[in-house]
Amino acid sequence: MEAKPILNVSQVGISFGGLKAVAGFNLELYPGELIGLIGPNGAGKTTVFNLLTGVYTPTEGEITFNDERINGLAPYKVTRKGISRTFQNVRLFNEQSVLDNVKVAYHSLASHSILSSIFRLQKHFIGEQEMEAKAIDFLKIFQLDKVKDEKAKNLPYGEQRRLEIARALAAGPELLLLDEPAAGMNPKETKELMELISFIREQFNLTILLIEHDMKLVMGICERISVLDHGLLIAEGTPNEVRNHPKVIEAYLGEEVVSNHA
Amino acid sequence: MEWLQQLFNGISLGSIYALIALGYTMVYGIIKLINFAHGEVFMIGSFTGFYAIAFWGLGFFPALILSMAVCAVFGVLIERIAYKRLRSSTRIAALITAIGVSLLIQYVVIYIRGAQPEAYPNVLPNRSFDIFGVQISSQSLLILLVSVVLMIILQFIVHRTKIGKAMRAVSFDPDAAKLMGINVNNTISATFAIGSALAGAAGVIFGVYYTKIEPLMGIIPGLKAFIAAVLGGIGIIPGAVIGGFVLGIVETVVSALGLSLWRDAAAFIILILILIFRPSGIFGKNSKEKV
Amino acid sequence: MLKKVNTFWFSIVLAFVFYGIIQLLISTAMLNPFYTNTLIFICINIILAVSLHLVIGITGQFSIGHAGFLALGAYISAIMTMKLGMPFSVALIAGGIVAALAGLVVGVPSLRLRGDYLAIATLGFAEIIRIIFLNIDYVGGAAGMQVTHATTWTTSFLCLILTIVVIANFTNSRHGRACISIRENEIAADAMGINTTYYKVAAFVIGSFFAGIAGGLYAHNFYIIQPVNFGFLKSFDILIFVVLGGLGSLSGAVVSAILLTIVSTFLQGLPETRMIIYSLVLVMVMLYRPQGLMGTREITDYFGKWGRVKGGNQYGG
């Protein structure tokens, strides 16, 4: 924890038509951490992701990534700086093949121009070949290489989730944002997902911020947890501290019991 | 005084745009479809009025009501036959269908009766009044009056009746409305019926005012009315009325400046500017796509 | 990769063999001018269909104002040959470039508009272009402009091959995949580091360039061009090629352009019947087969040959 934070969010907020969706949000992420962001429905968790990735521009506060201010940057630029994400409701390129989904994420790492592709110059072939080889290797890690020519929409749900994570990683992030990756998964799939997250974190040297509803998953793998309610940060700390925090218990009352048997 | 005269002409033209725009806005509000065929409903209304007056000898008001009734049925038919099955498909598929329906109606009408124009019979007494140096014909006054009354009736239906409440509920959230026991299909049909009846009325008024009608007459006023709806904020009923009047006035001013050939371009330029700078229109709230 | 290159050249050779046979038939007068003209017309329509396919089918930007770019290409090239005395080839390229610039201008609002709003805006742009020509006396206003006949089978076929090769090559590259990803899910594409603005505008510019070339061919095939030729109905004619062929399928666009051009040649004397058939077909396709004739596939998929243009289809079941 001696290192400098990779992501620093200070006093960030946004309002839509006078309504504050998130206010005074603070977060520090250190390299290699795995942090959970939890909160009841409508607490503003996804809004935080949208603020971090440039989908929304914060109306207050500052976000710095690797000491560089990134608020207000277009989403694709944020991705190129090294923050990549998945979506709550899977957003794959449905009609494209599994392989092409990953290749799209490699897009900005290649450099052959439109003209070189149109006139099929040597550069085009080299660039495309590299992308293809890299993408196939990548799919192997996620055990998706056997279905590489399948359309993304034809994959079973669990594999779609996996493909989305693979695609996010292919964009080469230092910080990965996962928006409810276990949503809709059965316990077995959730367990595999937890293993996958731990694995990619080591393999790719990642920092991970995770939104999750599945308490078991969050409490099981996250080192620290931030809790949002009504757009405000109400608690922060280790899973144990958060679990016993009175405000958290209050926020979750009636919505979902923060299980003691996590 | 010249300007006051133009202003009045603009309001007359604008009231026609407004009547058509109301149908666009209501339909868009409820099923998020730009009903391209709406201009053709207007054309059918105009022809119905023409035949009613010229061949059956009806007066202005009976012809107006007949034409509104015919258009209401016609609008519901279009919805039931063509659009209903598209509710779950992409908006682009729906838009393409609407364009297809629009052209189909135009050319079926041409196929049946030919493309030649028709001269609208004079059914309203036409006297001119001189008010503050502005020439106002009794005809245009009556037309304006009819438009305003129709708009007030619409406002009443939308805000004071059960079907109006259902319409607002469905446009707000169709799924929730369904759960609340509202018959979504009937509500959508009612919306088409009311919107089409207004377009039918606009058709008769257009005929009386401009005296020349033809099968392709719906295209330009249809597009203009759509622009008026976007201008006022699509889905917002008072917005469509204001948008219609603003567009009517702008067009007459452009014509009065001696640029009548550019009149149609003016409307499209307004459209593009609005779409780029304030896509939600004058009265609309900005909304962002959910991620 | 080598195999792909070979099959590419194989297709090119095949295309030129076809060209040679037709040219032989024309020069030996075995093909009468009516058929030659129909062939030229088919080429022009394929160019239009394929260029719009890039914008709508690949990038998912719903443009219904393609006739505007056609008009620009037609008028600019006609001005080049008739008023400035430039050679036809220069005029064609100039028409393409000016149309591409207009594509840049139209592409810019597409950054802020989506779906049906964009459609209406493109329609507005096309109408504005038409009204501008209507009001310029230099190009004859409503009466139109006389143009010499210069379009031949050779020029139209060359332009056609160029269009298909450029657009197919673009589609089968990281750039094409980026465009398709925008069509499939713009927010996700953005989140994957795709500069969506850049690619939407690029698609508009490339599409408009070829529409402009088609305009040059069109103008120099008709003896006269008038603003009325480039109204909404013309845009609709082009749109139906793409929709009928299957949004996202290049060969679908080609096949439907060929079919519909032949159909409308037969119905030339019956314009109303033609429009009724066209609009009925469009409505029926949308209601019963929204993925179009070819759906997501390309003809080459059936043979497993060169360059499967992985267009995909946004309506596929």
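Begin by selecting residues 132-158 of chain B: this stretch is 78% helix and 15% strand, and its end C-alpha atoms lie 37 Å apart. The model on screen is a predicted one. These residues form one of the spans that UniProt, in an unreviewed entry, lists under the feature "transmembrane region". The same record places that feature at residues 7-31, 51-78, 90-112, 188-210 and 265-284 of chain B as well.

Next, select residues 7-31 of chain B, another span from that record.

**Chain B as a whole**

How many helices and strands does chain B have? Chain B contains eleven helices and four strands. Its radius of gyration is 19 Å, close to the 19 Å that the globule rule gives for 291 residues, so chain B is as compact as a globular protein of that length. Turn the view along the principal axes, and the C-alpha trace of chain B spans about 55 × 45 × 35 Å. Of the 291 residues in chain B, 53% are buried. Consider also the contacts in chain B between residues at least 6 apart in sequence: 75% of them join residues at least 24 apart.

**A pair of helices in chain B**

Two packed helices are described by the angle between their axes and the distance between the axes. Select helix H6 (residues 162-172) and helix H8 (residues 184-210) of chain B; their axes come within 9 Å and cross at roughly 105 degrees. An angle of 65 to 115 degrees counts as roughly perpendicular, and H6(B) is therefore roughly perpendicular to H8(B).

Which residues make this contact? Show the side chains of Ile163(B), Ala166(B), Met167(B) and Val170(B) on H6(B). On H8(B), show Val184(B), Thr187(B), Ile188(B), Ala190(B) and Thr191(B). By class, the contact of H6(B) with H8(B) comprises seven nonpolar, two polar and no charged residues.

**From chain B to chain C**

The contact involves 32 residues of chain C and 33 residues of chain B. On the side of chain C, select helix H5 (115-134), helix H10 (232-245) and helix H12 (271-288), the elements that each give two or more residues. H5(C) gives the most, with twelve residues. This side of chain C divides into 23 nonpolar, five polar and four charged residues.

**Chain C as a whole**

Along its principal axes, the C-alpha trace of chain C spans about 50 × 45 × 40 Å. Buried residues account for 60% of the 317 residues in chain C. Among contacts in chain C with a separation of 6 or more, 79% are between residues 24 or more positions apart.

**From chain C to chain A**

Finally, bring chain A into view beside chain C. Their contact takes 31 residues from chain A and 30 residues from chain C. On chain A, select helix H2 (75-81), helix H3 (98-106), helix H4 (114-118) and helix H5 (122-141), each of which supplies at least two residues to the side that touches chain C. Which helix gives the most to this side of chain A? H5(A) does, with five residues. Coloured by class, the side of chain A that touches chain C shows twelve nonpolar, ten polar and nine charged residues.

Methods
Residues are numbered from 1 along each chain as its sequence is written. Chains are lettered from A and ligands numbered from 1 in the order in which they are written. This is a predicted model: local features need pLDDT of at least 70, side-chain atom pairs count only at pLDDT 80 or more; totals for chains, interfaces and linings use all residues. The radius of gyration is taken over C-alpha atoms; the globule rule is 2.2 Å times the number of residues to the power 0.38. A residue is buried if 20 or more other C-beta atoms lie within 10 Å of its own, exposed if 12 or fewer, and partly exposed in between; C-beta atoms are placed from the backbone. Two residues are in contact if their C-beta atoms, placed from the backbone, lie within 7 Å. UniProt positions are given in the numbering used here, feature names are shortened, and annotations may be inferred rather than shown by experiment. Ala, Val, Leu, Ile, Met, Phe, Trp, Tyr, Cys and Pro count as nonpolar, Asp, Glu, Lys and Arg as charged, and the others, Gly among them, as polar. Axes are lines fitted to C-alpha atoms, for helices over the stretch in contact, and angles run from 0 to 180 degrees between N-to-C directions. Angles under 35 degrees count as roughly parallel, over 145 as roughly antiparallel, 65 to 115 as roughly perpendicular and the rest as oblique.
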